[in-house]
Amino acid sequence: MKRHILLTFALIFTICLGVNAQVPLNTLVQITKAEDARRFDSVLERFLKSPNAEIRNRAALAAGRIGDLRALPALTELIENDGETAATAAFAIGEIESIKGAAAIERGLDLMLNGKGRPKELGLAMNLVEAAGKIVGANPKEDDSKKLGKLILESVESSKMDWANKMPRTDRAFFALGMTAILRSRPEGADVVVAKFLTHSDVRVRTDAANTLTRLRAKNANETLRKMIVSEPDGAARANVARALGAAEDKDAIELLLKAATTDIDSRVRVSAIRAVAGLKDAKAADKLIERGEALLAIRGKSKFRKPVENSELLEVATALGRLIPNSENEKAIAFLRKLRVVDGYASSETEVAFARVAPKTYLAEDAEPVFMYSDPNAAAAYGQGMAEIATAKNDGLNAQAGEKLTRFVSGMASGVKAKDQAKMLRAMPELTRSLAALKPDNLDEILRGQLANEDVFIRTAAAELIGERPLTKENFASLEKAFTVSILKDKLYNDAMLAILDALAKLDKKAATGSLLMALNSRDYLVRKKVFELLDDKELEKTSPGIPLMVKMAREKKQDQVQSYLSAFGTKLGQLLNSDLDYRRALSRKNGSVKAVLTTEKGSFTIVFDPEEAPLTVDNWVKLARSGYFNGLEVHRVVPNFVMQDGDPRGDGNGGPGWSIRCEVNMLGYDRGAVGMALSGKDTGGSQWFVTHSPQPHLDGGYTVFGLVDEAGMKIVDNIVRGDKILKVTVVGGRLPRKGTKSKRLK
C-alpha cells in the first residue's frame, strides 16, 4: 500500500511538473517576436529571471540567437548558478561568439575536467565544448582562445579515458561536438588526440574522427587509416577514411584508394576515394579512372532516367582527371571527356574545367556549339568556366586565345540568343562575367563597369564583387556609387547587389564611401543596415572620420540595428518583420512530427518530417511556400555526393529566393544523415533554399538551422537524386508521426 501511495504521488508530481514546465503561448510569442526583431531588451531580461525553468531556457536560446553582447552577464549567471538552464546558456554564449564570453566557458570546462560535470550534466558538457569552439573560431588570435583550445582537447581526450569503448549514444554526440570544436579552434596537438579514436568500437566515433583528421589535413595516422580502408565495415566511416588519406597526401595509399575508387560497393566510398586519388596527383592513376569512367558511361546509357545517378560519379572522375594529368593532352582522357560532354548536354562545369585542364590546346580548338549553348544557361556558364580555366595554365598565348574566344562567345549572345530564351540566358551572365575577369582582358574595367549598369541584379552583383578586387580608379568608384543609387531604387526582391556594392566601395576607399554607407543605414532591409554597421566598425576609419562613432551610436539609438516592421509602401519585403501575431501563434502551436511534406521527384517520393518546436518560423515559412506551389517543378541545383542535396532556388543557379529572408533558428539538433537544413549565404539570409545531408556532417551543427528529417527509406531516394533532377510536386500534410531515434538531440 505504501509503495502504491508513493507511486501515485510521484505520478501527480510529474504531471504537475510537466504543466509548470510548459512555456505559455503568449510568453513564447513574446520571446519569438524579440528573436525575429533581433531585439534584446527588458522583455527578454525579465524572462531570463523567470521562476519557470523552461521560460528561462527559451529566453536564453533567444538571447544567443540575437547575439547581443548585453546578454552575456545574464547568461553567465545562468551557467554558474542555474543547473536547469546552464546547458542552454552555454549554447547561447557560443552563438554570440564574443571573446567576452570566453571566461564563463573556461570556468565551466575547468569544473567538468575536475570531475564535476559528467556524465550527470552531459548536456552542459556538450554545449560548453561547442561554445568554446565557436568562440575560438571567431577570435583565433586572442589569448583566451588559446586557453579554450587546450580545454577543448582535454575535454575530448577525457571522454576516451572515461568511456573508452563504452560510449552510449549521448556521449557519441558529445564526441561529435568535440570534433567540431577542434576543427574550429585547431589547437596544437589536435591530430594526436583525434587519431586515438580511429580504433574506437563505436562506428560514429570512428567516422567523426576520420572526418576531423581530413579537415585538419593531418598526416600522423596514415598507417591506421590504410588498414581501415580495407577492414572498416561501415560505408560512411570508410568514405571518411578515404578522404583522410587523400588529405594527408599519403602516396603509399594510392593502390588501396584506386581499388576503393573503382570497386567499392558503396558509392560514398567510391566518390571519396576518387577525390583522394585526385589529391595524390599521381598521373599513373588516370588510366584506371578513365576505365571506370567508360564503364559508368555504359551503365548510364542503359538507365531509364533523364539524369541517371551515375552522373555525379562521372563528374567526380572528370574532376580527378583534371587534377591528375593537367596539360597532358592525354588522348584517352580527351575521348572520355568528349563523350561525357555530349551525354551531359555540355551543362556541367566539372567536365568543361577538366577538359580545359587536361588539354587546353584541344579545348580551345573545339567548336563552342553556340547554337546549343545560346539556349541553355547552364551550358553557357559551364563553357565560360572552362575557358577561364585556361588562365591557370599560365600560358600567355593560350590565355589570349581563350579571352578572344570567350569575348566573341559573349558578344554573340546579343544576336544568337532567341527572344524566347533571353530571360533564362541572363542566368549565365554572372558566371560568364567572372570567367572573363579570370582571363584579364585589357578592357576588363570597362567591361565590368558596363555590367554594373545591367538590369539583372546578379550580373550587377558579380560586377561589383570583381570591381572591388580591381585597383582604385575614379571611374570604378564612380560607377559603384551610381550603381548604389540604382540598387536603392530598383532592387526589391534581392539585396545581393547592394551588399556587394557596399563591400566594393569600402574595399576601394572606405573613407570616400562613408556617405553611401551612412545613406544605406536608411534602408528598410535589416541585412543591409547590419552590413553597414560592420563596415563602419573600423578603428582606422575613426581616426580619419571622428564623427562616425557618434553617427553609428545615434543610428543604434534609433533602433536601426533591429528589424523593422514591414511597410508595403516601400515595395519590398527584404529584411523586415513579415509575421503577424496570428503567424507566430500558428507556427508556435505546432508540435514536432505534427506536419510533414511528401516530395515527389523523378526518382520517387520521400518525406520530410518537420521539427516546428525547434525551428517554428523556419518550418512555417517552408510550409507556406510549399502550399503555394513554390517548390513544384524546381530543379535540384546542387548535389555534392556524400555531403548534401540542395533545392529551393527558382532561378536554378544557386542565387534565387522568395524575395524575403528569414532569421536563423539555430538549435541543438544534430546534422546526422537525413537532416534537413536551411541554406545560407550568411547569418539570417535563409529564404527558400534548403538541403538534406547524405551523411553525418557534425561541422554544420550549431551553424545552420535544422528543421526536419528524412528517414532511411526516403534517403534511398535522396541518394539517387543528381543535379538537374526535378522536384515535381510537394504535398504538405498534418498528423503526428512516430520518431524512432534517428536524430541526435542534445541534453539540456
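1. Two or more lining residues come from each of helix H4 (53–66), helix H6 (86–96), helix H8 (122–138), helix H31 (526–536) and helix H33 (548–557). H31 gives the largest share, five residues. A pocket here is an open set of points on a 1 Å grid over the protein atoms alone, where a 1.4 Å probe fits, with protein on both sides within 12 Å along at least five of seven lines; lining residues have an atom within 4 Å of a point. Helices (H or I, at least four residues) and strands (E, at least two) are DSSP runs, numbered from the N terminus.

2. Please keep in mind that this is a predicted model, in which local features need pLDDT of at least 70 and side-chain atom pairs count only at pLDDT 80 or more, while totals for chains, interfaces and linings use all residues. Residues are numbered from 1 along each chain as its sequence is written, and side-chain values use heavy atoms, with hydrogens and water left out.

3. Back to the pocket: the space in the second largest pocket is about 1,300 Å³. Its lining divides into 19 charged, 13 nonpolar and eleven polar residues.

4. H6 deserves a look of its own. Among the buried residues are Phe-91, Glu-95 and Ile-96. Their cover includes H4, helix H5 (72–81), helix H7 (102–113) and H8, where contact means heavy atoms within 4.5 Å. Just after H6, Glu-97 takes a positive phi of about 65°.

5. Now to the strands. Strand S6 (residues 638–640) and S7 pair in the antiparallel sense over three bridges; two strands pair if DSSP finds at least two bridges between them. Val-640 has Val-644 as its bridge partner in S7. Three residues lie between the strands of this hairpin, where Asn-642 takes a positive phi near 65°.

6. S7 also pairs with strand S9 (residues 690–693), antiparallel over four bridges, and Trp-690 is the bridge partner of Asp-647. From S7 (residues 644–647), Val-644 and Gln-646 point one way and Met-645 and Asp-647 the other, and all are buried.

7. Finally, Leu-436 sits in helix H26 (residues 429–438). Leu-436 counts as buried because its relative accessibility is 8%. Leaving out residues up to four places away in sequence, Leu-436 touches Leu-406, Thr-407, Val-410 and Pro-441.

Notes: Points joined across faces, edges and corners; volume = space filled by probe spheres on them. Nonpolar A, V, L, I, M, F, W, Y, C, P; charged D, E, K, R; others polar. Buried < 20%, exposed > 50% of the residue type's maximum accessible area, 1.4 Å probe, protein only.
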